[in-house]
Amino acid sequence: MKLDPVSLRLFVAVMEESTIAAAAEREHLAASAVSRRLADLEDALRVDLFTRSNRGATPTAAAFALLHLARGVLNDLDGIASQMREYGTGVRGHVRVVANISAITQFLPAQLQSFMALHPQVDVRLQEQISTAIANSVAENAADIGILNDGDYGDRVALLPYRTDELVLVIPSEHPLARRKAVKLREALAYDFVGAHPGSAINNQLTQAAAQAGLPLKLRIQVTSYDALCLMVNAGLGVGVMPRGSAALYKGTLGIRTITLNEPWAHRHLKLCVRSEESLSSVARLLVDHLRSTPEALA
């Protein structure tokens, strides 16, 4: 049995895009050509990967099992090609990175800029996700490197030290707590909150901490970005919690202040997430080493 890497790549595209038409557009092919490739792949594997109907093609259990395997094979093939090219043309290749918003807003801009200045032929593809999704993306080989909050994500991934950050309370400049330098969360729970989106690490931490304090968390509104959170706080819609480094980006232009949270959970550890250090391609290893070696003060 001979498996065609092109067919595997088209299969992954269909799984990621959910339809043959969208996958064909992404790969610049006719939908009929993609459909033919899928049929050939099913014949070669002697298994149905999709259940076809007038509503489209629905992946079978075998398709989801193949998706993980195909991503691994394709990533390995890309790694072989990129490592061989290095001998004649310098470091080349691409690295797929998924990171949470805390890492993206506080540390990655400067670090990626310095890395790409050193390795201009390396293509870094960055996507924002929440921490649980990041661990899954790395485990399923949809990403090479993840940056997430420290936690237990199972034995399918390995965590490496990266950075620390601090959560602070963000309030309007004229808020009753504005003269305070530090507060406990229970003091802030007397007010409405502008929360992060459901499933985010900060939202989960606030919900848990409020429950432990025996007080309600009054979420007036929830947003999906730190700039939106700061804008809502600036408008007087509530107080919020976010990393100090991220809040600093908005303090100069908005009427907001930050107050230290006297809570042990306000000091967090961010981790690099990989399937294993041995599985990293040469260019992914370069980026991991760069992210870990760049001084925190310069990140």
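Is C273 buried or exposed? C273 is buried, at 0% relative accessibility. Buried means under 20% relative accessible area, exposed over 50% and partly exposed in between, with a 1.4 Å probe and protein chains only.

This is a predicted model: local features need pLDDT of at least 70, side-chain atom pairs count only at pLDDT 80 or more, and totals for chains, interfaces and linings use all residues. Residues are numbered from 1 along each chain as its sequence is written, and side-chain values use heavy atoms, without hydrogens or water.

View 1. The whole structure holds 0 disulfides (pairs of cysteine sulfur atoms within 2.5 Å).

View 2. Helices (H or I, at least four residues) and strands (E, at least two) are DSSP runs, numbered from the N terminus. Helix α6 spans residues 108–118, and its buried residues are L108, Q111, L112 and F115. They fall within an arc of 95° seen down the axis, so they line one face of the helix. The arc is taken from the directions from the helix axis to the C-beta atoms. P109, Q113 and A117 are exposed on the face turned away. The buried residues pack against several elements, including β3 (93–99), α5 (101–106) and α12 (282–293).

**View 3. Helix α1 meets helix α2.** Contact means heavy atoms within 4.5 Å. L10, A13, V14, E16 and E17 in α1 meet I20, A22, A23, R26 and E27 in α2.
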